[in-house]
Amino acid sequence: MMRFLSFIIFLSGISYAQIGAVKKIDSLLSLSANYEFKDGLQSLKYAKQASILAESINDNELLFETYLQMADCLYTLDMFDKSLEYIKNIEKKNILNNPIKRARLKEVKSNNFEALGLDELNLKELNEILEILSSNETNDAREIKARVYAYLSNYYEVKGDFKKADEYINKTLKLNKEILKPKPIDTFIAKAYICLALKKTDSAFYFINKSFDSQKVKGKYSFKYTLYMVLADYYYYKENYPLALINYQKTLNDMASFNIKDTECSMMVKEKIYKIYGKLNDRRNEQKYLNEFKNELSTYNHENNKGLQKAVNLILDEKDNEKKVIKKKNKIIFFLIGGLSTLAIAYLYLRNRKIYKRKRDVLVEKEKLIKKNRELEGQKKELNKKAYQNQFNELISLAKNNNPEFLILFEEMYPIFTANLKQLNPHVRNSELFFCALAFMNFSTKEISNYTFVSVAAVQLRKHRIRKKYNIPSHEDFNTWMKSVEQMQLM
């Protein structure tokens, strides 16, 4: 940027005061870019200061750079309507004098359309960028085309067309090899997600490793939360929940250590964490992360559309006296020309927010239903447990009274044992089945003797005969063997 600005100064022969303003603008834009993903509001403040300076010296090149940075900052802060207003200001000033500028502007515009869910407009802008740069082979053009192919990949991934998404991300990977300073990490992550969608887990893991290898070049003082998240999603897909949990936690820790506020990422991570704990039957942690997920979801609109909007409005309203005068003069023209367009954008923005709110409400209701179903399942299990206990107590009573109905209820409660025993001996008599059932229920020799009105010696003799008939080893407990019959896998 500095070389570019120096070139402008050399050609235009502007005053030293203007040179100072240009250097200040360059510094402010650099600060804005550095803070964009650390502190969005601070980034916006620097960009706004730069735009006021650019307006004061009426430099179209700098006006473009500062307005575009403002639009990008507002997009990052989810203020899509205001971002589009700055894009409109650039178009109105007619300062798009080369293909690269038109492409960069359309890129920010397409990002806004994508965030607002305006798929057709998003796709139109992306295709127009490729058309504008079709014959441009400069490094700047390649960088933009590489990003556009990645956006198109994401577009088709969301639509569920993973093969087409893969085609476009491969184009980005190919272009990255031709770019002087490519940014491969996010591209590798995008490729990994597509591989997972195509069930190519080995390829997904390969690109995850490549993204970590690329990160090493940046050093330990750069954030890695996006890498931990894709690795966690990989393990989640593989149903390796312990490793998924470890990496989801690393995602949250890395965001905290670098003071990164990425609410959507945080919500997605906590949603996955509570689902994992649900699969692991850890109800305490499941409820903990479910509550955190719901709290972040319920406050998301307030944080990004009320408090943030108020702060943004304060920044945008910081005008000097000259700016206020110009604003008054152009107020009527501004509303006549831009009113309908702004209302249309605002309508689309608010409609999208309403749709998001409805989706959020549906999600909350769904969670309530899931919780209610769990409660009903718990009640059902408790009732089944009580019913079984009542049946079991009745079965004990029938056995003690040597009641012939015992065998009927026993076969109803333990059908697998009865079926397996009959498979071992198709000619088993009811009297023998009755005796084996008592052993299955772990009655002792003396108890069987008392309840069947025979001597202990007679019970022991019968056990000996059954051992021989069923080849029960002499060292194995008779009752334990009978319990194992239910577990036997017989043909």
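Predicted model: local features only at pLDDT ≥ 70, side-chain atom pairs only at ≥ 80, totals over all residues.
In which helix is the place of Arg374? Arg374 sits in helix H16, and I start there because, at a relative accessible area of 35%, Arg374 is partly exposed, falling between the 20% and 50% limits. Leaving aside residues up to four places away in sequence, Arg374 touches Arg283 and Glu286.

Let me step back to the chain as a whole. The protein chain has 491 residues, of which 42% count as buried, and its secondary structure comes to 22 helices and zero strands. If we take the contacts in the chain with a separation of 6 or more, residues 24 or more positions apart account for 59% of them. The accessible surface comes to about 28500 Å², and carbon and sulfur atoms hold 54% of that area.

Helix H4 covers residues 60-76 and helix H6 covers residues 99-115, and their axes come within 10 Å and cross at roughly 15°. An angle under 35 degrees counts as roughly parallel, and H4 and H6 are therefore roughly parallel to each other. The crossing of these two helices, H4 and H6, is left-handed. On the H4 side, the contact is made by Glu61, Phe64, Glu65, Leu68, Ala71, Asp72 and Tyr75, while H6 contributes Lys101, Arg104, Leu105, Val108, Asn111, Asn112 and Ala115. Sorted by class, this contact of H4 with H6 has seven nonpolar, two polar and five charged residues.

The second pair is H5 with H6. Helix H5, residues 80-93, packs against H6 at an angle of about 155°, with the axes 10 Å apart. That angle makes H5 roughly antiparallel to H6, since the limit for this description is over 145 degrees. H5, too, passes H6 in a left-handed crossing. Here Phe80, Ser83, Leu84, Ile87, Ile90 and Glu91 in H5 meet Leu105, Val108, Lys109, Asn112, Phe113 and Ala115 in H6. By class, the contact of H5 with H6 has eight nonpolar, two polar and two charged residues.

Is Ser110 buried or exposed? Ser110 has a relative accessibility of 1% and so counts as buried. Not counting residues up to four places away in sequence, Ser110 touches Asn122, Glu125 and Leu126.

Finally, I want to point out two backbone details in loops. Asn58, although not a glycine, has a positive phi of about 55°, and it is found in the loop between helix H3, residues 40-57, and H4. With a relative accessible area of 59%, Asn58 is exposed. Asn402, likewise a residue other than glycine, has a positive phi near 55°, and its place is the loop between helix H16, residues 321-400, and helix H17, residues 405-413. At 30% relative accessibility, Asn402 counts as partly exposed. That returns us to H16, the helix that holds Arg374, and I will stop there for your comments.

Methods
Residues numbered from 1 in each chain as written. Heavy atoms only, no water. Axes fitted to C-alpha atoms, helices over the stretch in contact; angles between N-to-C directions. Helix = DSSP H or I, 4+ residues; strand = E, 2+ residues; numbered from the N terminus. Parallel < 35°, antiparallel > 145°, perpendicular 65-115°, else oblique. Left-handed = near helix turned anticlockwise from the far one by under 90°. Contact = heavy atoms within 4.5 Å. Nonpolar A, V, L, I, M, F, W, Y, C, P; charged D, E, K, R; others polar. Buried < 20%, exposed > 50% of the residue type's maximum accessible area, 1.4 Å probe, protein only. Areas by Shrake-Rupley, 256 points an atom, 1.4 Å probe, with all protein chains shown as cover.
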